[in-house]
Amino acid sequence: MSRNEPLIEIDSARLNKRIQDIAAIGSTLNGGSNRQALTDEDAEARNLFMSWCENSACEVRVDSMGNIFARRSGSNPNADPILIGSHLDTQPTGGRFDGVYGVLAGLEVIDSLNDSGIQTQAPVEVVVWTNEEGCRFDTPSMGSSVWAGLLSETDAHAQKDSQGHSVISELERIGFLGKIDAQPFSFQAAFELHIEQGPVLEQQNTLIGVVVGTQQMSRHRLKIFGQEAHAGTTPMSLRRDPIRAFSVMLPKFYSVADEHGPQSRITFGQINCYPGAVNTVPGELEVKIDLRDPRPDVHDAIAKDLCEIVELCCSEAGLAFTFEKYWEKPSVDFDAKCIQSVQNAATRCGYSSMEIISGALHDACNLSLQGPTSMIFIPCKDGLSHNEAEYADPDHVAAGGNVLLHAVLEHAL
Ligand SMILES: [Zn+2]
């Protein structure tokens with residue numbers, strides 16, 4: 001295609017209508033969606049998606065994790081496919097765009113190629129990854145983790161929800177326990193289009209986020225041990241109070257993160273004290289700390305500083321403690337060529353764009369371990385996601401679809 005030919009574009013009305021059609025399945029009172037993994041609602045959305053794929057002359061396969069692959073074949077039988085995908089499951093009070101958008105924009109790319117009569121040499125394949133959200137079954141990005149070899153299928157199948165239903169029994173019940181093995185195959189490039197789920201693009205008034213990678217993340221568990229005591233009879237000076245020790249640490253923790261600039265993120269989202277009675281000085285405090293930074297060396301330096309602060313403050317207070325890292329995910333650098341394709345596509349379409357780092361994990365992180373991968377973000381209103389009020393402007397939705405289409409074409413033609 002020469003630069004002088006008119007740009008082909010996706011059908012914005014069709015894409016936005018399909019997003020609303022899927023959102024209607026499991027719709028919630030406040031305008032969001034509740035389609036948790038492997039529920040009846042998830043099955044209904046999957047079946048609607050598959051019927052659209054079949055109308056678009058795709059060959060559809062389902063693997064043993066329920067991951068769905070819908071392929072539009074290419075002219076070269078030996079060419080590896082271009083993968084485009086995301087997920088259809090949601091949080092219990094999820095929005096209309098998280099995941100769904102990336103899947104339906106993938107299908108829209110195929111439909112646009114069909115409408116324009118464009119024959120690519122490489123196959124183009126839309127993927128729906130199972131249980132990205134990890135809320136009903138507590139392993140985020142489960143389908144793509146098994147596919148990429150990061151999680152054993154036996155372990156994934158055995159996981160149970162809070163009612164005792166296992167992944168394998170629910171896959172079977174909803175008719176998505178496929179016969180082909182969930183294992184990687186080679187691909188030329190993979191792209192995941194997603195709403196940003198944060199406020200940066202909106203604040204910068206920029207349409208396209210060219211995602212260059214993800215942050216390094218770790219989770220830590222701090223326990224401080226004091227002594228339970230009567231709230232009325234024990235003088236302040238004689239207490240062994242873990243909350244008081246923590247209150248000295250907290251401003252130091254925030255300062256360490258702030259010192260390293262806005263890319264460092266520290267969160268204390270779970271704080272529990274025991275026995276949890278209003279008139280008892282707690283004998284034990286447990287805090288879970290989430291630490292993120294895209295720069296691995298800075299992440300590790302902050303983690304080390306946290307350790308030193310804990311040691312210092314507990315020793316000053318004369319209290320015992322334990323401090324352990326219980327989960328870690330290394331940062332991901334997306335593929336330079338895929339990043340460039342997204343940048344080229346945004347430029348060709350005339351959209352404003354900026355490089356951005358994903359603050360959240362996505363299936364694309366798992367794919368990037370198996371082949372060249374990158375992501376595209378569009379803004380979402382007020383940066384809200386995992387929220388029934390999640391919203392993306394239909395014109396922005398279309399713009400992301402056009403960037404996806406042209407990034408795919410750069411590899412598939
Ligand atoms: Zn998502």
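Modeller: Helices are DSSP runs of H or I with at least four residues, strands are DSSP runs of E with at least two, and both are numbered from the N terminus. This is a predicted model, in which local features need pLDDT of at least 70 and side-chain atom pairs count only at pLDDT 80 or more, while totals for chains, interfaces and linings use all residues. Residues are numbered from 1 along each chain as its sequence is written, and side-chain values use heavy atoms, with hydrogens and water left out.

Three residues coordinate the zinc ion, namely His87 through NE2, Asp98 through OD and His194 through NE2, at 2.0 to 2.2 Å. Donors here are N, O and S atoms within 2.8 Å of the metal (3.2 Å for Na, K and Ca), and water is not among the atoms, so sites may look incomplete. Along the sequence the spacing of the donor residues is H-x10-D-x95-H. His87 sits in the loop between β3 (82-86) and α3 (100-116), whereas His194 belongs to strand β5 (residues 189-195), so this pair ties together parts that are 107 residues apart in sequence. His87 is buried, at a relative accessible area of 0%, and His194 is buried as well, at 1%. Buried means under 20% relative accessible area, exposed over 50%, and partly exposed in between, with a 1.4 Å probe and protein chains only.

The strand that carries His194 comes next. In β5, 7 of 7 residues are buried. Its residues point two ways: Ala189, Phe191, Leu193 and Ile195 to one side, and Ala190, Glu192 and His194 to the other. In a regular strand the side chains alternate between the two faces of the sheet. Two strands count as paired if DSSP finds at least two bridges between them. β5 is parallel to β3, with 3 bridges, and Ala190 of β5 is the bridge partner of Leu83. β5 also runs parallel to strand β15 (residues 373-378), over 6 bridges, where Phe191 is opposite Ser374.

Phe191 leads on to the largest nonpolar core. A nonpolar core is a set of buried Ala, Val, Leu, Ile, Met, Phe, Trp, Tyr and Cys residues joined through side-chain atoms within 4.5 Å. The largest has 82 residues, and those touching the most other members are Phe49, Tyr101, Leu104, Phe191, Leu404 and Val408. Helix α12 (residues 394-412) supplies the largest share of this core, 10 residues. Contact means heavy atoms within 4.5 Å. Beyond four places in sequence, Tyr101 touches residues including His194, Leu193 and Ile195, and also Ile378 and His396. In soluble globular proteins, nonpolar side chains tend to be buried together.

Asp42 is buried, with a relative accessible area of 2%, and Arg46 is buried, with 1%. Leaving out residues up to four places away, Asp42 touches Arg35, Gln36, Ala37, Leu88 and Asp89. Leu88 is also a contact of Arg46, among others such as Gly66, Ile68, Thr130 and Phe176. The C-alpha atoms of Asp42 and Asn131 are 9.7 Å apart, although 89 residues separate them along the chain.

β9 joins strand β11 (residues 284-293) through 8 bridges, with Arg265 opposite Arg292.
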